[in-house]
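Here's a quick briefing to read with the model open beside you. Take it topic by topic and keep the sequence handy.

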Amino acid sequence: RATAVLVLLLLLARPAAGGPGGAARFTHGVDLLAPAAADTRGELDDWTLLEPGELTNRVVRHLSAFLVLGIIGAGAGARVHELVSRESADRLRRVCFTWLLPAFLLRHIWLCQLDRQLYVVAAWSFLFHGLWFCLSFKAAMVMEPKDRQMRGWTMLMSQGAMNSFLYPLLLRNERFGEKSLACAVLWDLGGNMWICQFGLFAIAAFFRPGAGGAGGDDAIGGGAPARDELELDELMDDQEGEQLLAPRKGPVVAEAPRSTLQALSDGIPREIVVHALKQPVLVCCVLGFLLNFAGAPLPLIADTPLWIVGEPYKFSLYFLVGYYGDHRIGSHEVKRMGFALGLRYAISATIIVAVLVLLPMEPIYRYTVALALLSPTSSYLIHLVGEHGYGEGLLRLTVCGGFVSTLVSTFAQSLLMAVFSSSMEPVQQ
């Protein structure tokens, strides 16, 4: 049995039969009249299956994935075994998104290598993300004409992207590389940053439970007012989306449909706009871009604190995903999540076609933008939904939707990148 296993390993590890070191050269002997073959000394010993360096590289490449899964599992275990209270998890969430994430973004945007010749990408990004916002708003009005909270949640889930998963894919691909990464960063800063750090916050505050659509002090508070428990069968048939939310006092009042321009002009109160503009994440993104644009160096005395504060962000995020991500959801919630993510990818596919046809730039930049448009939902949604009192059901559904979106986007980006790479030449870095 041991001999059979050894033979099998040798067959798997041997070089290709057609190569100079292949087994074919030993099949019919050596032709003395044929041209001399290249020296292959040592080639027969290069069995990568037994090379410790190759094995180490493979382990290291996959170690990060296991680490992420382990942190998510630790968060889920802390919730199941009640090792961390809900109040402590909420405090960690606030620290994560008001301190760790701003420091992380400030440092990375400040240090990012930006090509000033590509600043036009940022302008196009602002235009296309504005179109995305309008399409999302109009579609949410049609899908949820009466349920305000579900309308707001649908808008949150259907726009804004987390592009951090795309950057490593671009760098590892020789046909994209750093040239493509600079384009992706500017696309992120030009439009996606304003959607994620400003638009999503304003949407969450405006449609939060208890805001009533008219703004006021409650529209920007830290949580929803206390509500009496209502039986689910007391809800109106056309308000079944409210089953995912904490119930509220008083009758449910339907809103009359309005046009997009009318809703936007009437819409978000000035207090919410001002509060959104003061968010630490947005302030740090803008500050990092201005310092990068001005060419200001990042001194060690500033770099070290930003690194210490910002680097734990992803670990905290993965822990929160595990803690809040109770994946025991019903068919009704799966349907809601499917509608929201379906709307998201339908809009992104429409804009991808427009980018590939209309964007007056080199193919590599059009392809990069198309890949960025397929990025998953923003991780910032976990904080927004939790902070604005949308309830346990929608917070759980937000985490599950983000997880599903990450899987779908990763597969779609990898597939589309393979298609684009087949028509491109390697980039000269």
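H4 and H13 cross in a right-handed way (right-handed if the near helix is turned clockwise from the far one by less than a right angle, left-handed if anticlockwise). The model is a predicted one: local features need pLDDT of at least 70, side-chain atom pairs count only at pLDDT 80 or more, and totals for chains, interfaces and linings use all residues. Residues are numbered from 1 along each chain as its sequence is written, and side-chain values use heavy atoms, with hydrogens and water left out.

**Helix pair**
- Helix H4 covers residues 119–143 and helix H13 covers 331–358; their axes come within 11 Å and cross at roughly 145° (axes are lines fitted to C-alpha atoms over the stretch in contact, with angles from 0 to 180 degrees between N-to-C directions; helices are DSSP runs of H or I, at least four residues, numbered from the N terminus).
- On the H4 side, the contact residues include Phe128 and Trp132, while H13 brings Phe339 and Arg344, among others (contact means heavy atoms within 4.5 Å).

**Surface patch**
- Val95, Trp99, Trp307, Ile308 and Val309 make a nonpolar surface patch of about 530 Å² (residues with over 30% relative accessible area and no salt bridge, nonpolar side chains joined within 5 Å; areas by Shrake-Rupley with a 1.4 Å probe).
- H11 gives the largest share of that patch, three residues, and Trp307 lies in H11.

**Salt bridges**
- The whole structure has 10 salt bridges (a side-chain nitrogen of Lys or Arg within 4 Å of a carboxyl oxygen of Asp or Glu).
- Asp90 and Arg86 form a salt bridge at 3.1 Å, N to O.
- These two, Asp90 and Arg86, sit about one helical turn apart because they are four residues apart in helix H3.

Definitions and conventions. Patch = residues over 30% accessible without salt bridge, like charges linked within 9 Å, V, L, I, M, F, W, Y side chains within 5 Å.
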